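Visitor: I'm new to reading protein structures. Could you walk me through this one, feature by feature?

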Amino acid sequence: MTVLAVASGKGGTGKTTVAAHLASASARTRSTILVDLDVEAPDATGYFPAAHATGDTEAVSVLVPEVVESLCTGCGLCARACRFGAILVIGGVVTIDQKVCKGCGRCVAVCPAKALKEVKMNVGETTRRSADSLDLLEGRMAVGDIRSTVVIEAAKRRAALAGASLQIRDCPPGVSCPATHAIEGADYLILIAEPTEFSIHDLGAAVKLGRERGIPTGVVINKDGFGTADVAGFCASEGVPVIGRIAFLRERAASGATATLWLQDPLIMDEMDRILSRALAGARTRSVS
Amino acid sequence: MITVSVASGKGGAGKTSIAAALAATLGAGCLFADCDVDAANGAIALGARINIREPYFAGPGYQIEPSACTGCGRCHAACRFGAIEPVAGSRAFRIIQELCERCGACVDQCPTKAITTFEKQAGELFVSTGRTGTKLIHAELEPGEDTSGKLVALVRKRAAALALPEATIVVDAPPGIGCPVIASVTGCDLVLVVVEASASGIRDAGRLVELILSMKRQSVAIINKTGLNASMDEHARRMLAEAGIPLAGEIPFDPALRSAEESNRTWASVACGSSDAVKAALVNVMGVITTLKEKS
């Protein structure tokens, strides 16, 4: 299995649109799964209105502590152990903010009275769907939760079980923990940029993240001609190849608004094939263990 | 002091451009807090010159001293994030920093105290002045660092400390609905919801609206990139109406707005087909801010 991660730094440059097209192009010739790891704003499934569920929606949960009042001595060791500020002890009374808890279990392990028991808390879900020959897997964090990385890791685990020969990940924007978790384990990083100063600034951070993680990286210039900022010049200075270009057209912006795929547009689909072959040629080879 | 957080759910909906235009309209009484700390573009939008820079430390990380590790594996068993692995060809274990949540559960279990802490600079915080005098607080998180919510809270704290009593703080929130967004919206007086008039934009803004309502924040909305598809525009209006969020205005999709960024201006002062719509929307948002100020 080869894993391509589609990311960008800046949001709204066209990650999901490009990922959906790459996956559609790839599914014509090989078993492919599109994995939506933008779990706070999952939109990839929206490009496949005819997709139907092919498996259960699986809940993603973490184990969070609950106080057994009859056993608690109010010693406060749990609060001192918690690095996330999820436990407050006032006047010997322990209050746990389960929404802030990361479920590390440290408090449970340090409690001398064994007064903390763990319960499952739902943080999101993963759903498997199919659109013709393409498999889809969506991770979705519950609204109000902050544990996006837990949902991302659960979606990655479930995607790996699908056994597709190519996995295309639609990653979240930014370069902090959700993006890091989403690109971790990828064989090639496809960064989507648009010709604006905002995009180039954020692309710089994404290129740095890929380099630090040792993932070979290429850039697709989307909305080419929309602005005048020199993405190609930036890529040359960073030593990162430009592996594709998609011209800006108002009609494309309009069909993007309705999440409509351009599967009949040979200009787009040929470019997708070129991007795929360049990414696969540049992907790191997995050691077979 | 009034705090207005600009958020959208979806990335690329126009948060930063609208936040910068609002800041320019507010003028000298505005402080701009760029809370999109891992893709910070407020400084570009406002033409900022950095006056003060300070390092940001995220708190200690953990590492295993190989010479002290006996390979008992208790840390490995205690870690729930799969962040501890055996080192090939050795007895020792190591911590995979990218997966480590820095909870410290491993430290308690190590019988030889082989797990030590280290501090690493995780980013930088800046106090800057924009080209028209707007004061900016912004930050850059090191790529791969995992404490964006904490840095957001720091940016907001610094902004609040610098703001005069009559000031308005404009917070440019990151995309999504997770930890740094909650940190950007917590305690604000008004959320300016930027809805991109697209299927994805409306869906993501809908999740954001659900979050805002659960946090009991007052909000007002701008629909951006209208005119591409009439049914999407209508869908966006309906979503906001159903959530009870007043609409301050709609900005038609206009590639010419790009020229603002390229000519060192904000959307508030650029001349193009969408200028009047931008100004009208901002006037309405300013009206809401004025009412809030009168009440406080």
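Visitor: What share of the 296 residues in chain B is buried?

Guide: Keep in mind that this is a predicted model. In chain B, buried residues make up 57% of the 296 residues. Chain B has ten helices and 13 strands, and its C-alpha atoms fill a box of roughly 70 × 45 × 40 Å along the principal axes.

Visitor: How many of the contacts in chain B with a separation of 6 or more join residues 24 or more positions apart?

Guide: Those pairs account for 74% of the contacts in that group. A:Ile215 counts as buried because its relative accessible area is 5%, and the cut-off for buried is under 20%. Leaving out residues up to four places away in sequence, A:Ile215 touches A:Ile183, A:Ala186, A:Asp187, A:Tyr188, A:Leu189, A:Gly210 and A:Arg284.

Visitor: Now a helix, please. What span does helix H4 of chain A reach from its first C-alpha to its last?

Guide: Helix H4 of chain A, residues 148-161, reaches 20 Å with its 14 residues, close to the 20 Å expected at 1.5 Å a residue. After H4(A) comes A:Gly163, with a positive phi near 70 degrees.

Visitor: Is H4(A) mostly covered or mostly open?

Guide: Mostly covered, since eleven of its 14 residues are buried. Among them are A:Val150, A:Val151, A:Ile152, A:Glu153 and A:Lys156. The buried residues of H4(A) pack against strands E2 (32-36), E4 (58-67), E7 (116-131), E8 (134-141) and E9 (166-170), and against helix H5 (177-183), of chain A.

Visitor: Some of those are charged residues. What should I look for there?

Guide: Side chains of opposite charge can pair when their charged atoms come close. In this structure, A:Lys156 forms a salt bridge with A:Glu153, with the closest N and O atoms 3.3 Å apart. A:Lys156 counts as buried at 13% relative accessibility.

Visitor: Why are A:Lys156 and A:Glu153 separated by about one helical turn?

Guide: Here's the general idea: an α-helix has 3.6 residues a turn, so residues three or four places apart point the same way. A:Lys156 and A:Glu153 are about one turn apart because they sit three residues apart in helix H4 of chain A. You'll find another such pair in helix H8 (residues 230-243) of chain B, where B:Arg237 and B:Glu234 are three residues apart. Their salt bridge has its closest N and O atoms 2.9 Å apart. B:Arg237 is partly exposed at 31% relative accessible area, and B:Glu234 is partly exposed at 38%.

Visitor: Which residue of strand E13 does B:Arg237 pair with?

Guide: That's B:Glu250: the two side chains meet in a salt bridge at 2.6 Å, N to O. B:Arg237 lies in helix H8 of chain B and B:Glu250 in strand E13 (residues 247-252), so the pair ties together parts 13 residues apart in sequence. B:Glu250 is partly exposed, with a relative accessible area of 23%.

Visitor: Let's move to where the chains meet. What area is buried between chain B and chain A?

Guide: The size of an interface is often given as the accessible area lost when the parts come together. Here about 4,800 Å² is buried, and carbon and sulfur atoms give 55% of that. B:Arg80, B:Pro143 and B:Arg207 supply 14% of the area that chain B buries against chain A, more than any other three residues. The contact takes 59 residues from each of chain B and chain A.

Visitor: How many salt bridges are there between chain B and chain A?

Guide: The count is six. In one salt bridge, the side chains of B:Arg80 and A:Glu118 meet at 2.7 Å, N to O. There are also 28 residue pairs in polar contact across the interface.

Visitor: Which helix gives the largest share of the side of chain B that touches chain A?

Guide: H7(B) does, with seven residues. By class, that side has 24 nonpolar, 17 polar and 18 charged residues.

Definitions and conventions
Residues are numbered from 1 along each chain as its sequence is written. Chains are lettered from A and ligands numbered from 1 in the order in which they are written. This is a predicted model: local features need pLDDT of at least 70, side-chain atom pairs count only at pLDDT 80 or more; totals for chains, interfaces and linings use all residues. Side-chain values use heavy atoms; hydrogens and water are left out. Contact means heavy atoms within 4.5 Å. Buried area is the accessible area (1.4 Å probe) that two parts lose on being put together, summed over both. A salt bridge is a side-chain nitrogen of Lys or Arg within 4 Å of a carboxyl oxygen of Asp or Glu. A polar contact is a pair of N or O atoms within 3.5 Å; within protein, one must be able to donate a hydrogen and the other to accept it, and residues adjacent in sequence count only if both atoms are side-chain atoms. Helices (H or I, at least four residues) and strands (E, at least two) are DSSP runs, numbered from the N terminus. Ala, Val, Leu, Ile, Met, Phe, Trp, Tyr, Cys and Pro count as nonpolar, Asp, Glu, Lys and Arg as charged, and the others, Gly among them, as polar. Buried means under 20% relative accessible area, exposed over 50%, partly exposed in between (1.4 Å probe, protein chains only). The expected span of a helix is 1.5 Å times one less than its number of residues.
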